[in-house]
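Thanks, everyone. Let me put the model up, and then I'll walk you through the packing.

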Amino acid sequence: MAVKEITTTDEFVKGLWRDNPVFVQVLGMCPALAVSNTAINALTMGLATTFVLLMSGLSVSALRTFIPREARIVCFICIIASFVTAVDYIIQAISLELSRSLGAFIALIVVNCLILGRAEAFASKHNLLRSTLDALGMGVGFTVALLTIGVVREILGNGSLFGVAVLPGSFQTWTVMVLPSGGFFAMALWLLVVNRIKERQAAAEKHAQEVAS
Amino acid sequence: MTDASHWSIFLNAALINNFVLAYFLGICPFFGVSAKLETAVRMGGAVSFVMLVASVCAYSINLLLDAVNAPYLRIISYILVIASTVQLVEMLIRKLSPATFRAMGIYLPLITTNCAILGLALFQTNRGYNFTQSIVYSLGAGAGFALALVLMAGVREKLDLANVPQLVKGTAAALVVAGVLSMGFMGFAGLGR
């Protein structure tokens, strides 16, 4: 029983760091770069994607014995597209301004390879509980990744965080960070940080093994 | 309905608001198949072609959905039509020219999940382009995508010969190159609206 518990929590935790969708698997890059110009946009996009990921993961997992293998991709896309349409209208209902600033990118969650990838590789093969945990983990990992990029871009590009000024007025804002190219640079920066930490961890593990043997 | 001239729509889609470098659409194939110049050219061609077909299909579907007053079905019907278009194009190319099919066989199915195609269909609907405007827009977007892909592949082929630190190699280096390319494309901003 204890062993099983560890593995189910592992389904959740792996999405946060070891298999982080953006920094490690490099999936779902388009939204990660396009709507991370402010922290609030990044957060909304992350939550919307998590919702679609969770709901489609649940549906695919529940229907996995009914969906014929040959037509599975089409079925998955239909399920995902229905939830994306719902999210699109929900966001419009909550805040029209937010919906305008995200533009077509909410609708483009349909073609986020992360969601179809998880449906195909995980939810269609595992039970409801595991699929839920996996979807939640991946969703949170995606949201955190988007938020880290968004925070860097908003602070450097606007001198603010979630719309509240955090840097003194004398700070010369880096306009390039809110422009498209800033997305590429911020992403590259975080990728370097993640790579560096991973490299150190690997070196430390290797060292520990050598000491042990 | 917009009154922008065809030339400015084309320039806008291809250079000023380049789909890859300004809208971040189709980033996955942009990084995935831009390692070699030859595959980049083929992928650019295939995507441009699918964009043209998808644009025409999306225009007619939008008319139909407007007629039955069901805009909430837009996303579902667009993605299904794009998926079947890609399938049809694949079958058509296999029938007409088996050599071309073999050359780009792997990349064709991948186009379905290319967000540039769905993005194009959604943008032309949102902006209310008419039929000819839609076609010009899709041609411009395709040309812009192919241009970005070919430029990127050219830089990356040269980058292979350079002495890059181990840590930066791979995606991080590609991202920086893309960022610089994107900055270059910002210079086109004064060209049109």
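Start at B:Ile117. Setting aside neighbours within four places in sequence, B:Ile117 is in contact with B:Val50, B:Met51, B:Ala54, B:Ile82 and B:Ile111. Contact means C-beta atoms, placed from the backbone, within 7 Å.

A word on the source. This is a predicted model: local features need pLDDT of at least 70, side-chain atom pairs count only at pLDDT 80 or more, and totals for chains, interfaces and linings use all residues. Residues are numbered from 1 along each chain as its sequence is written, with chains lettered from A and ligands numbered from 1 in the order in which they are written.

Now the chain contact. Chain B puts in 30 residues, chain A 32. On chain B's side, helices H2 (27–32), H4 (74–96), H7 (115–126) and H9 (171–186) each supply at least two residues. Helices here are DSSP runs (H or I, at least four residues), numbered from the N terminus. H9(B) gives the most, nine residues. By class, that side has 24 nonpolar, six polar and no charged residues. Nonpolar means Ala, Val, Leu, Ile, Met, Phe, Trp, Tyr, Cys and Pro; charged means Asp, Glu, Lys and Arg; the others, Gly among them, are polar.

Next, two helices of chain B. H3 (residues 37–67) and H8 pack at about 165 degrees, axes 8 Å apart. Axes are lines fitted to C-alpha atoms over the stretch in contact, and angles run from 0 to 180 degrees between N-to-C directions. H3(B) and H8(B) are therefore roughly antiparallel, the term for angles over 145 degrees. Their contact has 20 nonpolar, eight polar and one charged residues.

Terms used. Two residues are in contact if their C-beta atoms, placed from the backbone, lie within 7 Å. Angles under 35 degrees count as roughly parallel, over 145 as roughly antiparallel, 65 to 115 as roughly perpendicular and the rest as oblique.
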